[in-house]
Amino acid sequence: MKQFELTVHSPEETKAVARRLGERLQPGMVIALEGDLGVGKTTFTKGIAEGLGIVQNVNSPTFTIIKQYDGRLPLYHMDVYRLEDEWEDLGFDEYFNGDGIAVVEWAHLIAGQLPEERLTVSLFRHGGDERRLVFEPSGWRYEQLCKEIFAS
């Protein structure tokens, strides 16, 4: 599997990368976000939302599990950190196979429910506001998406 990496130096740069991604997303795409607490997963999601033309304030759905925002495409923002059972029936497949974009924070916690084709973005802290972003596409359309983002 091919990986794409870059280093950003501020939350604004993180959002800008995610905004470029959001501008190119197509219906039914799934973005799996990984990284420690406070590394910028929600900041990344805010950038995706901006790229989708969403004007509402995006915040972590930690206690509600799933929040929906409307833009060019619906954004289903999920934070599965507090799930006690990976197989809890919350209708994830409907979101993953729907007409919107599913962004899943702590995605590894529901690995068995994730679609095989998806884009996994891992965020790593490098001190201060610097982050290393690692994009791992699974599937042709996600690989093409990464090539577009990293070419611009």
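Where does Gln26 lie? Gln26 sits in the loop between α1 (11-24) and β2 (30-34), where helices (H or I, at least four residues) and strands (E, at least two) are DSSP runs numbered from the N terminus. The model is a predicted one, so local features need pLDDT of at least 70 and side-chain atom pairs count only at pLDDT 80 or more, while totals for chains, interfaces and linings use all residues. Residues are numbered from 1 along each chain as its sequence is written, and side-chain values use heavy atoms, with hydrogens and water left out.

Gln26 counts as partly exposed because its relative accessibility is 42%; buried means under 20% relative accessible area, exposed over 50%, and partly exposed in between, with a 1.4 Å probe and protein chains only. Not counting residues up to four places away in sequence, Gln26 touches Leu73, Ile101 and Arg141 (contact means heavy atoms within 4.5 Å). From Gln26 to Ile110 it is 84 residues in sequence and 22 Å in space, C-alpha to C-alpha.

Helix α1 comes next. Thr14, Val17, Ala18, Leu21 and Gly22 are the buried residues of α1. Seen down the axis of α1, these buried residues fall within an arc of 145°, so they line one face of the helix; the arc is that of the directions from the helix axis to the C-beta atoms. What do the buried residues of α1 pack against? Their partners are β1 (4-8), β2, α2 (41-51), β6, β7 (131-138) and α4 (140-151).

On to the core. The largest nonpolar core has 45 residues, and Phe44 and Ile48 have the most contacts inside it. Such a core is a set of buried Ala, Val, Leu, Ile, Met, Phe, Trp, Tyr and Cys residues joined through side-chain atoms within 4.5 Å. Setting aside neighbours within four places in sequence, Phe44 is in contact with Thr14, Val17, Ala18, Leu21, Leu33, Val121, Leu133 and Phe135. Thr120, in strand β6 (residues 118-125), is buried, with a relative accessible area of 14%. With neighbours within four places again left out, Thr120 contacts Ala32, Glu34, Val134, Phe135 and Glu136.

As for aromatics, the structure holds six aromatic pairs. Rings of Phe, Tyr and Trp (its six-membered ring) pair if their centres lie within 6.5 Å; planes under 30 degrees apart count as stacked, over 60 as edge-to-face and the rest as tilted. Tyr76 and Tyr95 make an edge-to-face pair, because their ring centres are 4.9 Å apart and their planes stand at 65°. Tyr76 lies in strand β4 (residues 75-79) and Tyr95 in helix α3 (residues 92-96), so this pair ties together parts that are 19 residues apart in sequence. Tyr76 is buried at 8%, whereas Tyr95 is partly exposed at 24%. The pair Phe92 and Phe96 is stacked, because the centres are 6.0 Å apart and the planes at 15°. Both lie in helix α3, four residues apart, about one turn of the helix. Phe92 is buried at 1% relative accessibility, and Phe96 is buried at 3%. Ring pairs also link Phe4, Phe44, Phe135 and Phe150 into a cluster.
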